[in-house]
Amino acid sequence: MARFLAWCLCCCAVIAAAEGGLSRATLWSVRSGLGGFDPGDPAPAFRVPVLDGEFVYPPLGSSRSSLIIHAFTNKSAFLECLWTSNESLSDLVEFLPPSAQLLVLSMDDSAGEQALWMREQVYGAAAGRGKEILSRVHFSSVPVHALGNWIPRVLYSWGCGGHNCGLAQAVFTSPDWAVPVIAKRLNARYDWLNGRWEYTSPYILAEAGDGCKPVPKAAGAVAWVSEGGCSFFTKIKAMAESNASGVLVYALPGNPIQDMNCVGDECDTSLSIPAAMLHIQPAVVRALSTGKPVNVSFQVTPSPNFFIAVNQEGKLAEMGWFLYPTFRFLSWQAQWFDFYADLLEHIGRPADVVQVFNRTLMQGKAEAVVELPSDLLKYDVLELDAALSCPGIRDETCAHWDHTVQLFVCCDRFSPYCNQELGRWITAFRRGTGRWVTDVSPLLALLNGTRCSLTMKTVPWAMPWMTTLNLRFSSSNHSGKTSEKLYPFKLMMLYNGGTFDRDYNNRFQQIKFEIPASTKKVELFAVITGHGSDNNGCCEFCVTSHYFLVNGAYNNSRVFDSAGSALGCALRVGEGGVPNEHGTWLYGRGGWCDGLQVDPWRMDITPQLNMTGPNTILYFGLYDGRNPDPAKDPGYIIMYSYLVFYK
């Protein structure tokens, strides 16, 4: 918990500074690809020689598949680790969706040797696993610059910026050297260490052995330590206790660069110095061993993009950030392509569609007034088809931070239903591909007029999004167990959330109610999300539980048990969560994920009710099974809840 909360605070400060200094003119005038090769443009057909013959795109036949194109270079420590880590290769074998194809290229002149080596790496990872993947991974021995098609143009014109993009390097200098020594480096895991390298001036480098114990002479310098002897955590903690400015861990000869990370309880210790791993540099070792001064500075040399994609529609697509070296990020993007293909199929089904927004600029809010179908009673399904995209074509034009987006509706300004929430989403971290269909059929009763005002809101200081929204009205298929069509004719508003402090539950009182005549079914409907961060990480990163006690006997509960988990939101990519965002998008949250709709919680409570007499309902929320009692900075719950009556 301490690990990623600390990282969030650091990241927030950096992004806030960037957000404050980015004018709208800058935001809208970012680069795009060469003409005809922007994200969303059709991918032209091509052929590439591969080790087992020829790869042809588009594939023959009518197979619906996505294509990931990966360009390797041995100049990148990140890519070296990606291809040498057993965990990363296992993730490729285990999680690449059956619908995805992977074309592996090389930007180096040794492309032929690299293709054979990478194929052997995949063969080794797949051996004995019973996973069919080898027919979907294709290795080309032709260097990227010699392909003779459009792929090099896209790789180079899109460029590679952001986390683990470009060529991260350490630059060593010493008075006796005619030229600097430049080594590829891989920073320690992004969400572990709070320290960041300074790029403006060089550091002094100090020999520190294996770094497993404090070394006084490392104070104020970057410690040069060997791998082995103890864990990465122990090394970096010892160097922090030595007051070192940073740590460079070098791999012993013949060993690959590793993804330095904490393990288990180590992650609860906050460490505030930067660290990176690189290969041993003999010139550096010789200079330090003879007492010669060595300085080190850090740079990122721009490079072509390492990953681009073509979705099932045959359109070019970006791949987002790979936050650390594992093929799981590649698989998450491919899973999202599957989700999006299914979504397009879904919205192709018959429905009466009312357009609300069409790439409308939302900076704080967007508003529209629409005419609804005249006979709403013939529908029992209402879906929100919503998309949040960036002002420009590329992801780099997207807002840097995540915010809650709410949709409010008012069809009769004198009605108690006016300005109630109809939908809720969370924006992605700097990616603009989000699109979701949310079933809000129980809220049809909010549409108590034929002319309605809809307002989509987020915080006024958020950077702009382009919002698209359609209301989809349709009738469900009742050819199953029952042919009776039930329609939500009335809502009873229940509880809202509030500050999640020691008085949270004291604010809620039991509600008494009776069932309206002709009611056939009663449903509990709630949209609940937790935000903020107190000393327990509540309510964003802590496990909260929410209870609706009916008639003192039936306790209906909603528990956010994935909040704070390492991959709680990454595992929801198949549901529409935008993958490979910038920032901590992977972690589970309190009822929400970045780049995803907030799904309503629905519970049929008809059997729990007295249909002809009085009933009661009471809400309360708990943290770790008890009343919240934060020591400082309490978080908060956003909640809209109703009883929905059907006839």
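Predicted model: local features only at pLDDT ≥ 70, side-chain atom pairs only at ≥ 80, totals over all residues.
The rings of Tyr504 and Phe508 pair up edge-to-face, with 5.0 Å from centre to centre and 75° between the planes. Both numbers matter here: a pair of aromatic rings is described by the distance of the centres and the angle of the planes.

Together with Tyr495, Phe500, Phe548, Trp601 and Tyr619, they form one aromatic cluster.

## A stacked pair across the sequence

How many aromatic pairs does the structure hold? The count is 35. One of them is Trp197 with Phe298, a stacked pair at 4.0 Å centre to centre and 25° between the planes. Trp197 sits in the loop between β7 (181–187) and β8 (203–207), while Phe298 is in strand β12 (residues 295–301), so this pair ties together parts that are 101 residues apart in sequence.

Are these two partners buried or exposed? Trp197 is buried, at 8% relative accessibility, and Phe298 is buried at 3%.

## Charges over rings

Arg189 lies over the face of Tyr324, 3.7 Å from the ring centre.

## Two buried strand residues

Ile308 belongs to strand β13 (residues 307–310). Why does Ile308 count as buried? Because its relative accessible area is 0%, and the cut-off for buried is under 20%. Setting aside neighbours within four places in sequence, Ile308 is in contact with Leu67, Ile68, Ile69, Trp150, Val154, Leu155, Trp158, Ala317 and Met319. Take Leu155 from that list: the C-alpha atoms of Ile308 and Leu155 are separated by 7.2 Å, although the two residues are 153 apart along the chain.

His138 is another one to look at, this time in strand β5 (residues 137–143). His138 counts as buried, because its relative accessibility is 10%. Which residues does His138 contact, leaving aside those within four places in sequence? They are Val50, Phe55, Gln101, Leu102, Leu103 and Val104.

Helix α3 (residues 77–84) is mostly covered, with 7 of its 8 residues buried. Those buried residues are Ala77, Phe78, Leu79, Glu80, Cys81, Leu82 and Trp83. Ser76 caps the N-terminal end of α3, with a side-chain oxygen 3.3 Å from the backbone nitrogen of Phe78.

In helix α7 (residues 232–241), the buried residues are Phe232, Phe233, Lys235, Ile236, Ala238 and Met239. An α-helix has 3.6 residues a turn, so residues three or four places apart point the same way. What covers the buried residues of α7? The cover includes strands β9 (222–226), β10 (246–251) and β11 (275–279). After α7 comes Asn243, with a positive phi near 65°.

Now for the backbone. Most residues other than glycine have a negative phi, and most peptide bonds are trans. A few spots in this model go the other way, and here they are in turn.

Start with the cis peptide bonds. The bond from Tyr57 to Pro58 is cis, with omega near 0°, and Pro58 is placed in the loop between β2 (53–57) and β3 (66–72). The bond from Cys538 to Cys539 is cis as well, with omega near 10°. Cys539 lies in the loop between β25 (521–531) and β26 (544–550).

Then there are positive phi values. Asn419 has a phi of about 65°, though it is not a glycine. The loop between β18 (404–410) and β19 (420–426) is where Asn419 is found, and Asn419 counts as partly exposed because its relative accessible area is 48%. Asp633 is also not a glycine, and its phi is positive, near 45°. Look for Asp633 in the loop between β30 (614–623) and β31 (636–646).

Key
Residues numbered from 1 in each chain as written. Heavy atoms only, no water. Helix = DSSP H or I, 4+ residues; strand = E, 2+ residues; numbered from the N terminus. Buried < 20%, exposed > 50% of the residue type's maximum accessible area, 1.4 Å probe, protein only. Contact = heavy atoms within 4.5 Å. Polar contact = N/O pair within 3.5 Å; in protein donor to acceptor, adjacent residues only side chain to side chain. Phe/Tyr/Trp six-rings, centres within 6.5 Å; stacked < 30°, edge-to-face > 60°. Lys NZ or Arg CZ within 6 Å of the ring centre and 35° of its normal.
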